[in-house]
Amino acid sequence: MHGTDRRPEAIPAFAGSRIDRVDHVRTNPDLLAASFADPAARLLLLDGLEPVERDGHLVLEPLAPDARVDDHVLLGIDPAERPIFARLVTDLGPGLLPTARSRSIADLVPADEVALYGTARSLVHWHARHRFCSVCGAGTVPVKAGWSRKCGDCGAEHFPRTDPVVIMLAEHRGRVLMGRQHGWPEGRYSALAGFVEPGETIEEAVAREMFEEAGVLVHSVRYVMSQPWPFPSSLMIACIAQADDDTLTLDATEIDHAFWCDAQGVRAALAEEEGAPFIAPPPMAVARHLLAHWLADVAPADASA
Ligand SMILES: [Zn+2]
């Protein structure tokens with residue numbers, strides 16, 4: 001419902017997809033061939049894993065006459081009824097971390113296009129890094145329009161990863177815990193975060209990470225929102241939890257500094273006021289939306305977000 005909303009403060013980056021994922025086409029070779037042959041079909045142009053933008057939109061091109069469907073992933077059907085494909089590549093270039101260019105796309109094109117780029121980026125990356133079977137080591141090939149890979153030897157099927165990450169605020173008597181990692185820009189603080197491990201619920205991961213990183217025991221974990229984060233394939237799960245007390249025991253290897261911040265300080269940081277107690281995460285980050293959500297909850301009368 002936010003798909004056409006261009007305001008970066010409306011939703012976190014990479015959320016807001018308006019693509020119809022057409023699972024029935026992926027699994028039907030005739031329908032897939034027809035989509036690929038559709039004159040309306042478009043290739044989402046990528047430069048390696050990087051986005052390509054022109055005049056405020058991602059660049060979509062007609063498919064090349066000699067293009068093969070097997071070298072492409074069908075991202076889905078866009079609101080203009082166009083089948084949108086991305087080309088699979090094996091050379092990803094040097095870096096996998098988010099570059100300035102891949103981050104800045106969130107400010108340059110509409111939210112649903114940012115989401116389309118994120119989907120393509122995660123999938124193209126996954127294909128390039130899963131060319132061999134993790135069961136027997138033989139080569140794998142894309143199947144289901146690029147939404148899985150199949151081993152040519154043992155037949156095992158492998159699916160694209162989505163790695164859940166919890167990102168959370170601990171709340172204690174009207175204040176929330178803000179932390180910063182080593183090497184972050186001076187003054188930048190955010191919510192603490194960590195990967196969900198096998199065998200854990202979201203609630204258990206929130207409690208474990210909060211205790212490991214800050215020594216804070218929490219309860220009453222509440223889910224707030226989520227965000228696909230395609231570097232390479234995380235799903236950020238934003239939560240708020242209640243802290244038993246406000247004593248901090250920081251894990252110095254992970255956390256540079258942390259402190260409890262009241263609503264006034266969070267409001268000042270989000271408004272980027274001079275003298276604010278910290279520099280808030282950018283609008284593309286779900287942490288900023290989590291802070292705004294908390295602020296609207298605890299101080300609805302004067303919450304600017
Ligand atoms: Zn195999």
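Contact here means heavy atoms within 4.5 Å. The model is predicted.

**Stop 1: leucine 169**

Select leucine 169. Leaving aside neighbours within four places in sequence, leucine 169 is in contact with Val176, Leu177, Met178, Ala191, Met210, Cys239, Ile240, Ala241, Leu290, Leu291 and Trp294. Now colour the largest nonpolar core, a set of 68 residues. Leu169 is among the residues with the most contacts inside this core, along with Leu75, Met178, Val266 and Phe278. The core draws at least three residues from each of domain 1 (23-128) and domain 2 (163-304). A second, separate core has 19 residues, including Leu192, Val206, Met210 and Ala243.

**Stop 2: strand β12**

Select residues 163-172, which form strand β12. Is this strand mostly covered or mostly open? Mostly covered: 9 of its 10 residues are buried.

Next, show its partners.

- β16 (residues 234-243) runs parallel to β12, joined by 9 bridges. Look for aspartate 163, whose bridge partner in β16 is serine 234.
- β14 (residues 192-195) runs antiparallel to β12, with 4 bridges between them. Here valine 166 stands opposite glycine 194.
- β13 (residues 175-180) is also antiparallel to β12, through 2 bridges. Glutamate 171 faces valine 176 of β13 across this pairing.

Zoom in on the hairpin of β12 and β13. There are 2 residues between the strands, and arginine 173 takes a positive phi near 50°.

**Stop 3: leucine 177**

Stay on β13 and pick leucine 177, which lies in that strand. Why does leucine 177 count as buried? Its relative accessible area is 0%, and buried means under 20%. Not counting residues up to four places away in sequence, leucine 177 touches Leu169, Ala170, Ser190, Leu192, Met210, Ala214, Val216, Leu248, Ala258, Phe259 and Trp260.

**Stop 4: helix α7**

Move to residues 286-298, helix α7. Buried residues of α7 are Val286, Ala287, Arg288, His289, Leu290, Leu291, Ala292, Trp294 and Leu295. Their cover includes β12, β13, β15 (218-229), β16, β17 (257-262) and α6 (263-270).

**Stop 5: the four-stranded sheet**

Now find the open sheet of 4 strands, ordered β6-β1-β8-β7. The pairing in this sheet is mixed. Which strands stand at the edges? They are β6 (60-62) and β7 (72-77); each has a single partner strand, so one side of each is left without a neighbour in the sheet. Neighbouring strands are turned by 35° against each other on average, direction ignored.

Select β1 (residues 42-44) with β6: the two pair in the antiparallel sense over 3 bridges. Leucine 44 has leucine 60 of β6 as its bridge partner.

Helix α2 (residues 29-37) touches β7 and β8 (83-87), and its direction makes about 90° with that of β8. Helix α4 (residues 111-129) touches β1, β7 and β8, and its direction makes about 155° with that of β7.

To finish, show Leu75 again, one of the residues with the most contacts in the largest core.

Technical notes. Residues numbered from 1 in each chain as written. Predicted model: local features only at pLDDT ≥ 70, side-chain atom pairs only at ≥ 80, totals over all residues. Heavy atoms only, no water. Pairing = 2+ DSSP bridges. Axes fitted to C-alpha atoms, helices over the stretch in contact; angles between N-to-C directions. Buried < 20%, exposed > 50% of the residue type's maximum accessible area, 1.4 Å probe, protein only. Core = buried A, V, L, I, M, F, W, Y, C linked by side-chain atoms within 4.5 Å. Domains from an automatic or database assignment. Expected span 1.5 Å × (residues − 1).
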